[in-house]
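Reader: I am new to this one. Can you take me through it in short steps?

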Amino acid sequence: MFTLNNLLTSGLFNRQNYQVKIARMDTIAADDQNLVVKHSSDSASHLSPPPQPLSKNAQKKLLKQQRFEAKKAEKKAAIKEEKKRQGERKRKEWEEKLSNLSEEEKLKMIETRKGMRKERMDQRSEERESKALRLSEAKKHGQNIVIDLEFSDLMAPNEIHSLVKQIMYCYAVNGRSVIPSHLWLTGYEGEIGNQLQKIPGFDKWIIEKDNGPYINTFETQKEHLVYLTADSETMLDELDPKKIYIVGGLVDRNRWKGITMKKALDQGIQTAKLPIGNYLKMSGSQVLTVNQVMEILLKYLETKDWKASFFHVIPQRKRCETEAQGSHEEEEEEEEEEGEEEEKLDQEIKRQCVET
């Protein structure tokens with residue numbers, strides 16, 4: 001005979017058994033899934049070849065890059081902290097000045113400060129207008145310089161990011177130049193196009209932009225195209241206003257030696273190289289960054305003096321002006337100057353964003 005207590009106990013017992021069974025089924029299913037995942041992982045590892053060990057040169061390059069990045073991060077942190085301290089110090093000095101003044105003097109000093117700020121803003125506005133006017137005139141009468149961006153598929157994301165920084169620097173330097181050029185960006189598609197579009201104010205840049213290849217853009221002016229490449233046998237004596245000079249937008253050319261020269265030959269256009277060897281001896285390769293080439297060309301348009309242009313732009317580490325140093329010393333100097341170059345680009349980018 002079943003009582004109410006018996007029924008309740010029996011029901012509780014059955015529920016407990018049911019929950020135990022469900023838990024066991026979940027455990028079995030999880031074990032099966034883990035077995036499938038393990039089997040898939042084993043199969044994948046069996047099919048894919050083991051990673052190849054890095055060569056000594058690759059290890060050295062990786063170690064150098066890691067050391068450079070660590071120093072760069074440390075330097076940035078120190079600069080940020082110093083700026084913070086300076087800002088705090090200036091704020092305290094301002095508050096101390098105000099605390100020692102009467103209400104009338106306080107108001108007068110605050111108004112004076114507002115006037116100075118307005119004057120600075122007006123000056124920046126005038127500079128922007130002057131820059132816009134010079135660049136607009138350059139689009140009509142300036143020397144045509146093209147940055148060829150068709151090599152983005154050959155670069156890693158960090159190299160594309162570095163190239164975008166160099167392009168921002170080119171635009172900023174061109175805008176401040178006494179004689180700016182008629183600057184073109186061609187062939188920017190894919191990742192480099194995406195990164196360029198993210199630049200603040202990029203749509204308002206006073207330059208020519210064409211995401212197609214330059215060979216199509218200047219189809220009717222092919223005889224005027226001149227690709228600037230260190231592999232050319234033709235020395236550039238002077239800049240011809242009728243010519244259209246092309247600078248290859250490629251970072252880490254050591255992996256792609258001769259690629260710009262080959263491209264120009266395949267397209268049947270002229271080539272030339274900067275006359276660096278006529279004025280100074282380089283410590284290594286004569287290949288320069290995009291922004292360095294651009295700055296040299298702008299300096300030459302201003303001075304008509306190749307030597308002054310080279311010494312103004314080419315960093316000390318690339319010039320053989322002193323006796324050879326120890327290899328470790330040279331590496332440290334090179335890393336330091338690379339860091340300075342990177343910092344210069346970063347500062348120019350910040351300035352460009354402020355101007356925009």
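Author: Start with a term: a residue is buried when its relative accessible area is under 20%. Note also that this is a predicted model.

Reader: What share of the 356 residues in the protein chain is buried?
Author: The cut-off for buried is under 20% relative accessible area. Among the 356 residues of the protein chain, the buried share is 32%.

Reader: How many helices and strands does the protein chain have?
Author: This is a predicted model, and the elements are read from it. The protein chain counts ten helices and six strands.

Reader: Of the contacts with a separation of 6 or more, what percentage joins residues 24 or more positions apart?
Author: Contact here means heavy atoms within 4.5 Å. For the protein chain, residues 24 or more positions apart account for a share of 74%.

Reader: How are α4 and α5 oriented to each other?
Author: Helix α4 covers residues 157-176 and helix α5 residues 190-197. Their axes come within 10 Å and cross at roughly 45 degrees. Angles from 65 to 115 degrees would be roughly perpendicular, and those under 35 roughly parallel. The two helices are therefore oblique.

Reader: Which hand does the crossing of α4 and α5 have?
Author: The axes of these helices cross at roughly 45 degrees. Where α4 passes α5, the crossing is right-handed.

Reader: Which residues of α5 meet α4, and which class has seven residues in the contact?
Author: From α4 come Pro 157, Ile 160, His 161, Leu 163, Val 164 and Ile 167. From α5 come Glu 191, Ile 192, Gln 195 and Leu 196. By class, the contact has one charged residue, two polar ones and seven that are nonpolar.

Reader: Is Ala 156 buried, partly exposed or exposed?
Author: Ala 156 sits in the loop between β1 and α4. Its C-alpha atom is 9.7 Å from that of Asp 252, a residue 96 positions away along the chain. Buried needs under 20%, and exposed needs over 50%. At a relative accessible area of 29%, Ala 156 is partly exposed.

Reader: Is Glu 159 buried or exposed?
Author: Glu 159 is part of helix α4. It touches Leu 154, Val 251, Asp 252 and Arg 255, leaving aside residues up to four places away in sequence. With a relative accessibility of 10%, Glu 159 is buried.

Reader: What is the relative accessible area of Asn 174?
Author: Asn 174 also belongs to helix α4. Beyond four places in sequence, it touches Leu 135, Pro 180, Ser 181, Leu 183, Met 294 and Leu 298. Asn 174 is buried, and its relative accessible area is 1%.

Reader: How many aromatic pairs does a search of the whole structure find?
Author: Rings pair if their centres lie within 6.5 Å. Over the whole structure, the number of aromatic pairs is eight.

Reader: What kind of pair do Tyr 214 and Tyr 227 form?
Author: Tyr 214 is in helix α6 and Tyr 227 in strand β4, so the pair ties together parts 13 residues apart in sequence. Both residues are buried. Their centres are 6.1 Å apart and their planes 65 degrees. Planes over 60 degrees apart make the pair edge-to-face.

Reader: And what kind of pair do Trp 306 and Phe 310 form?
Author: Both lie in helix α9, four residues apart, about one turn of the helix. Trp 306 and Phe 310 are both buried. Their ring centres are 5.6 Å apart and the planes lie at 15 degrees, so the pair is stacked.

How values were computed
Residues are numbered from 1 along each chain as its sequence is written. This is a predicted model: local features need pLDDT of at least 70, side-chain atom pairs count only at pLDDT 80 or more; totals for chains, interfaces and linings use all residues. Side-chain values use heavy atoms; hydrogens and water are left out. Axes are lines fitted to C-alpha atoms, for helices over the stretch in contact, and angles run from 0 to 180 degrees between N-to-C directions. Angles under 35 degrees count as roughly parallel, over 145 as roughly antiparallel, 65 to 115 as roughly perpendicular and the rest as oblique. A crossing is left-handed if the near helix is turned anticlockwise from the far one by less than a right angle, and right-handed if clockwise. Ala, Val, Leu, Ile, Met, Phe, Trp, Tyr, Cys and Pro count as nonpolar, Asp, Glu, Lys and Arg as charged, and the others, Gly among them, as polar. Buried means under 20% relative accessible area, exposed over 50%, partly exposed in between (1.4 Å probe, protein chains only). Rings of Phe, Tyr and Trp (its six-membered ring) pair if their centres lie within 6.5 Å; planes under 30 degrees apart count as stacked, over 60 as edge-to-face and the rest as tilted.
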